[in-house]
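Good morning, and thank you for joining.

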Amino acid sequence: MSTDLPEQTDAAAPAADEAPSLKTDAELALEARLAEMSDAYLRAKAEAENTRRRADEDVSKARKFAVEGFAEAMLPVLDSLDGAIANPSVSPETLLEGVHATRRQLLQALERNRVVEINPAQGAKFDPHQHQAISAIPAEQEPNTVVAVLQKGYLIADRVLRPALVTVSAPR
């Protein structure tokens, strides 16, 4: 039997040598998978950081140049005013005509930029979200309605930029 033992030991030795070889292959596969996952993680992290950075830059540019469209719409109005100032010998009638044309230009530019006038008609119901009552006076109309507009108000994209200053009728 002693001769069988060394043979068995010799037979067992190659099996022991194969186990570390298999373990090394498994470790190599795991290391390769780990390297692959680490690389994918680092790439995803870098992509997320780049996306965040680009979004921050876009927001910064949007804030910085938000008024650009409005400014472009105002330039023709400025040119018209500069033209009026440059020619002081114009008759009052011509000057008034130019002022009306410049006002139309300005109103068009404001409308293109969604700035809308608030000018309630006499007798319109008082709206505290769009109007600011300066005074209440006795009047021959329903209480809490607009008697007169002292100053027009303006909306920009459905948000009150400036409320209309109005006088309202007092309760009877």
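Let me begin with a definition: a contact means heavy atoms within 4.5 Å. On that basis, among the contacts in the protein with a separation of 6 or more, 61% are between residues 24 or more positions apart.

Two remarks on conventions are needed. This is a predicted model, in which local features need pLDDT of at least 70, side-chain atom pairs count only at pLDDT 80 or more, and totals for chains, interfaces and linings use all residues. Residues are numbered from 1 along each chain as its sequence is written, and side-chain values use heavy atoms, with hydrogens and water left out.

As to confidence, pLDDT is the predictor's confidence in each residue, from 0 to 100. The protein averages 88 on this scale, and 87% of the residues score at least 70.

I turn to the overall architecture. Helices (H or I, at least four residues) and strands (E, at least two) are DSSP runs, numbered from the N terminus. The protein has 3 helices and 6 strands, and their order along the sequence is α-α-α-β-β-β-β-β-β. The accessible surface, from the Shrake-Rupley method with a 1.4 Å probe and with only the protein chains shown counting as cover for residues, comes to about 13300 Å². Carbon and sulfur atoms contribute 58% of that surface. For single residues, buried means under 20% relative accessible area, exposed over 50%, and partly exposed in between (1.4 Å probe, protein chains only). Of the 172 residues in the protein, 14% are buried.

Consider next helix α2, residues 68–86. Its 19 residues reach 26 Å from the first C-alpha to the last, close to the 27 Å expected at 1.5 Å a residue; the expected span is 1.5 Å times one less than the number of residues. Where does the kink in α2 lie? A kink of about 30 degrees is located at Met74, shortly before the proline Pro76. The bend at a residue is the angle between axes fitted to the seven residues ending there and the seven starting there.

Met74 is also one of the buried residues of α2, together with Ala73 and Val77. These buried residues pack against α3, which covers 92–112. From the α3 side, Thr102 touches Val77, Ser80 and Leu81, leaving aside residues up to four places away in sequence. Thr102 counts as buried because its relative accessibility is 12%. Leu75, also placed in α2, is partly exposed because its relative accessible area is 47%. The C-alpha atoms of Leu75 and Ala109 are 9.5 Å apart, although 34 residues separate them along the chain.

We now move to the strands and their loops. Gln141 sits in the loop between β2 (131–137) and β3 (146–151). Is Gln141 buried or exposed? Gln141 counts as buried, because its relative accessibility is 15%. A polar atom of the Gln141 side chain lies 2.8 Å from the backbone oxygen of Val146. Apart from residues up to four places away in sequence, Gln141 touches Gln122, Gly123, Val146, Val147, Ser169 and Arg172.

Ala157 has a positive phi, near 50 degrees, in a residue other than glycine. Asp158, likewise not a glycine, has a positive phi of about 65 degrees. With regard to accessibility, Ala157 counts as partly exposed because its value is 40%, whereas Asp158 is exposed, with a relative accessible area of 77%.

Key
Polar contact = N/O pair within 3.5 Å; in protein donor to acceptor, adjacent residues only side chain to side chain.
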